[in-house]
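Open the structure in your viewer and keep the selection tool ready. This tour goes stop by stop: what to select, then what is there.

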Amino acid sequence: MAGRGHGTVRSVSFDLPVPGSHVPVSADRCALLAEARAMDDLVALRHALHRTPEIGLELPVTQATVIAALEGLGLEITRGEALDSVTAVLRGGLPGPAVLLRGDMDALPVTEDTGEAFTSQHDGIMHACGHDLHMAGLVGAARLLAARREELPGSVVFMFQPGEEGYHGARLMIEEGVLDAAGERVVAAYGVHVFSAHLPTGVVAARPGTLMAASDQLFVRVIGKGGHGSKPHLAADPIPVAAEIVLALQSAVTRQFDAHDPVVVSVGRLAAGTIDNVIPEIAELDATVRTFSPAQHAMIPERLVRLVENIAAAHGLTADVRYERGYPVTVNDAGEVGRAARVSREVLGAEGWFDLPDPVAGAEDFSYVLEQVPGAYLFVAATPRELDPETAPYNHSAQARFDDDAVPVSAAVLAALALDRLAQG
Ligand SMILES: [Zn+2]
């Protein structure tokens with residue numbers, strides 16, 4: 001995997017030649033941002049989507065809003081079956097490959113507390129992760145590219161995806177054929193995620209190799225035999241066994257996995273018993289498991305389950321173990337990140353790109369797409385200009401606010417990436 005295991009990954013230079021770098025930068029590339037900013041209704045679209053957030057895989061209002069916004073662009077539009085997705089295909093006037101651009105659509109069970117004029121009208125639901133900006137940005141990219149249809153050497157698949165927040169929407173869309181929606185497998189895929197803090201607005205950031213973690217869950221029930229606290233030998237006490245498991249999980253992390261390829265296991269819940277002198281029958285523990293490479297992600301369930309079951313068995317107890325897979329590791333293609341760095345500077349200026357030094361420990365289901373197709377997932381800074389990026393409320397907060405300018409920035413960068421990749425042939 002690119003960008004890992006080379007010892008020094010903290011500072012990565014993108015001044016290397018990348019595929020497609022021979023393609024001359026047209027003045028048009030630089031005009032994309034101005035053109036996207038001139039689309040007033042794009043920000044209005046973001047506000048409309050923000051007012052009517054929906055959760056999960058069923059987003060009928062959101063889906064209808066997106067389809068209406070794409071009207072008149074001459075796209076081939078299909079709706080999902082298992083989910084309210086929108087797949088739109090733009091056929092260019094010249095022959096060439098197909099690329100995919102993605103925006104997720106779902107909101108979160110959060111009660112909005114931003115005071116924005118376009119605040120959520122759905123009680124207890126909020127676009128607190130900025131997916132409203134992703135949709136509006138992708139609509140903007142579709143407009144920019146549709147306006148260049150005649151010179152476009154290939155096709156663009158626009159993937160509007162529900163259910164990113166834990167519903168595996170990207171996997172469902174892949175199962176329904178989004179990667180082949182243009183009639184052939186896309187050769188590259190790009191997506192963006194906005195952030196309401198940490199980076200000053202107007203900057204795009206990413207890194208080659210691992211960008212985001214895989215996030216799994218471990219659920220354990222240690223099953224013993226209850227009894228009187230004064231006669232533990234007549235019972236089978238699950239509490240010391242559970243305690244041993246908690247510690248052994250940390251030993252396993254440091255002894256069984258490469259120190260240069262981190263694994264994080266945190267037991268977030270440990271529960272047993274009712275009173276001091278009663279040995280309970282059952283002890284439970286739940287843990288989050290984060291890995292940063294596909295190799296670690298592949299091997300960790302078997303190792304943790306083996307550890308838990310055998311510690312219980314060693315004490316004559318049993319353990320019910322459930323290991324739930326979350327999203328895979330999000331892995332960026334190094335060449336495509338190089339392209340994204342160059343294209344972002346072309347669109348936004350020399351200060352428009354930031355080399356992200358480390359992966360982030362959150363997870364993202366665009367990882368399913370990047371498992372199949374080389375591509376890049378990019379972070380777009382959307383900290384409101386009046387706020388300090390260090391202290392601004394972060395994504396998923398009820399107070400999280402996003403700078404509207406991230407919408408045209410996303411539109412221009414996504415469109416430029418598609419143009420650049422298609423020009424490569
Ligand atoms: Zn998100």
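## Stop 1

Select histidine 396, which sits in the loop between β16 (375–381) and α10. Keep in mind that this is a predicted model. Is histidine 396 buried, partly exposed or exposed? Its relative accessible area is 39%, so histidine 396 counts as partly exposed. Now check the backbone. Histidine 396 is not a glycine, yet its phi is positive, at about 80°. Most residues other than glycine have a negative phi.

Jump to histidine 198 for another case. Histidine 198 also is not a glycine and has a positive phi of about 80°. Find histidine 198 in the loop between β5 and β6 (204–206).

## Stop 2: Alanine 128

Return to histidine 396 and look for a contact partner. Alanine 128 touches His396, along with Asn395, Ser397, Ala400 and Phe402. Leu108 and Val110 touch alanine 128 too. Select alanine 128 itself: it lies in the loop between β3 (94–104) and α4. Its relative accessible area is 0%, so alanine 128 is buried.

Alanine 128 and proline 53 are 75 residues apart along the chain. Their C-alpha atoms are separated by 9.5 Å.

## Stop 3: The zinc ion

Select the zinc ion next. Which residues coordinate the zinc ion? They are Cys129 through SG, His131 through NE2 and His193 through NE2. The distances run from 2.1 to 2.3 Å. Along the chain, the donors follow the spacing C-x1-H-x61-H.

Histidine 131 belongs to helix α4 (residues 131–146) and histidine 193 to strand β5 (residues 188–195), so the pair ties together parts 62 residues apart in sequence. Histidine 131 has 0% relative accessibility, so it counts as buried. Histidine 193 is buried too, with a relative accessible area of 5%.

## Stop 4: Histidine 50

Move to helix α2 (residues 40–51) and pick histidine 50. Histidine 50 has a relative accessible area of 2% and is buried. Show its contacts. Histidine 50 touches Glu112, Phe118, Thr119, Ser120, His127 and Asp132, leaving aside residues up to four places away in sequence.

## Stop 5: α4 against α10

Show helices α4 and α10 (residues 406–424) together. How are the two arranged? Their axes are 7 Å apart, and they pack at an angle of about 45°. α4 and α10 are therefore oblique to each other. The crossing of α4 past α10 is right-handed.

Now show side chains. On α4, the residues in contact include Leu133, Ala136, Leu138, Ala141, Leu144 and Leu145. Gly137 and Gly140 are also among them. On α10, look for residues including Ala406, Val407, Ser410, Leu414, Ala418 and Leu419. By class, the α4–α10 contact has 14 nonpolar residues, three polar and no charged.

Stay on leucine 144, in helix α4. Leucine 144 is buried, with a relative accessible area of 0%. It touches Ala411, Ala412 and Ala415, and also Leu32, Glu35, Ala36 and Met39. Then zoom out to arginine 221. Leucine 144 and arginine 221 are 77 residues apart along the chain, and their C-alpha atoms are separated by 54 Å.

## Stop 6: α3 against α4

From α3, select Thr62, Val66, Ala69 and Leu70; from α4, select Met135, Val139, Ala142 and Arg143. This contact has six nonpolar residues, one polar and one charged.

## Stop 7: α6 against α7

Finish with helix α6 (residues 238–256) and helix α7 (residues 294–314). They pack at an angle of about 145°, and their axes are 10 Å apart. α6 passes α7 in a right-handed crossing. In α6, the contact residues are Val241, Glu244, Ile245, Ala248, Leu249, Ala252 and Gln256. In α7, they are Arg303, Leu304, Arg306, Leu307, Val308, Ile311 and Ala312. The residues of the contact of α6 with α7 split into 10 nonpolar, one polar and three charged.

Key. Residues numbered from 1 in each chain as written. Predicted model: local features only at pLDDT ≥ 70, side-chain atom pairs only at ≥ 80, totals over all residues. Heavy atoms only, no water. Donors = N, O, S within 2.8 Å, 3.2 Å for Na, K, Ca; no water. Helix = DSSP H or I, 4+ residues; strand = E, 2+ residues; numbered from the N terminus. Buried < 20%, exposed > 50% of the residue type's maximum accessible area, 1.4 Å probe, protein only. Axes fitted to C-alpha atoms, helices over the stretch in contact; angles between N-to-C directions. Parallel < 35°, antiparallel > 145°, perpendicular 65-115°, else oblique. Left-handed = near helix turned anticlockwise from the far one by under 90°. Contact = heavy atoms within 4.5 Å. Nonpolar A, V, L, I, M, F, W, Y, C, P; charged D, E, K, R; others polar.
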